[in-house]
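Hello,

Here is the structure I promised to pass on.

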Amino acid sequence: VEASGFGRQSYPIEVGWAFEHGPPRSFLIRPDAGWPESAWSLDAERLHGVSRADLERDGVNPRDVAEALNAALAGASVWSDAPDWDGFWLFRLFQAAQIKQQFAVNDFGRLMRPLAGAREEAALRRAAQISPRRHRAGPDAKHLQTIYALARRLAPHA
């Protein structure tokens, strides 16, 4: 999840996900009328490169995004490298959409723990080369997908 800023008033501006196999999906989110303009951070905009004008032009309304997330992820194991923040922003999205979130967000570090050590470091280095982190939801989901796939390949077979 990418967001308007870093504080308690911030809101989601982009969501993305990637399954273990396949391309990532993502949506820019048109700001809900209840989300304060004052929660827009120019520092965050510089980081992710998405402007408010981009969201107004290309963003999807929060309800449609929430429905797409539920359709794709209901009952799935969903992993995030920032589950507390992503959970907070997803809560704001689903609250604005007035529908119930049908999946939980888990800590990616917990998923990687069995693969930790030298394999993890090698996977992190290689993933940074072939699927770098961009502070955009789709590419960052692809980055985590790549780290996991590489670490699994490097893991010794039991």
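Let me start with two helices: the axes of α3 and α4 come within 8 Å and cross at roughly 115 degrees. (Axes are lines fitted to C-alpha atoms, for helices over the stretch in contact, with angles from 0 to 180 degrees between N-to-C directions; helices are DSSP runs of H or I with at least four residues, strands are E runs of at least two, and both are numbered from the N terminus.) On the α3 side, Pro-62, Arg-63, Val-65, Ala-66, Leu-69 and Asn-70 meet Leu-90, Leu-93, Phe-94, Ala-96 and Ala-97 of α4, where contact means heavy atoms within 4.5 Å. These residues divide into 9 nonpolar, 1 polar and 1 charged (Ala, Val, Leu, Ile, Met, Phe, Trp, Tyr, Cys and Pro are nonpolar, Asp, Glu, Lys and Arg charged, the others, Gly among them, polar).

Helix α4 also holds Asp-86. Asp-86 counts as buried because its relative accessibility is 9%, and buried means under 20% relative accessible area with a 1.4 Å probe, protein chains only. Leaving out residues up to four places away in sequence, Asp-86 touches Val-1 and Ser-80.

A word on the source: this is a predicted model, in which local features need pLDDT of at least 70 and side-chain atom pairs pLDDT 80 or more, while totals for chains, interfaces and linings use all residues. Residues are numbered from 1 along each chain as its sequence is written, and side-chain values use heavy atoms, without hydrogens and water.

Best wishes

Methods: Buried < 20%, exposed > 50% of the residue type's maximum accessible area, 1.4 Å probe, protein only.
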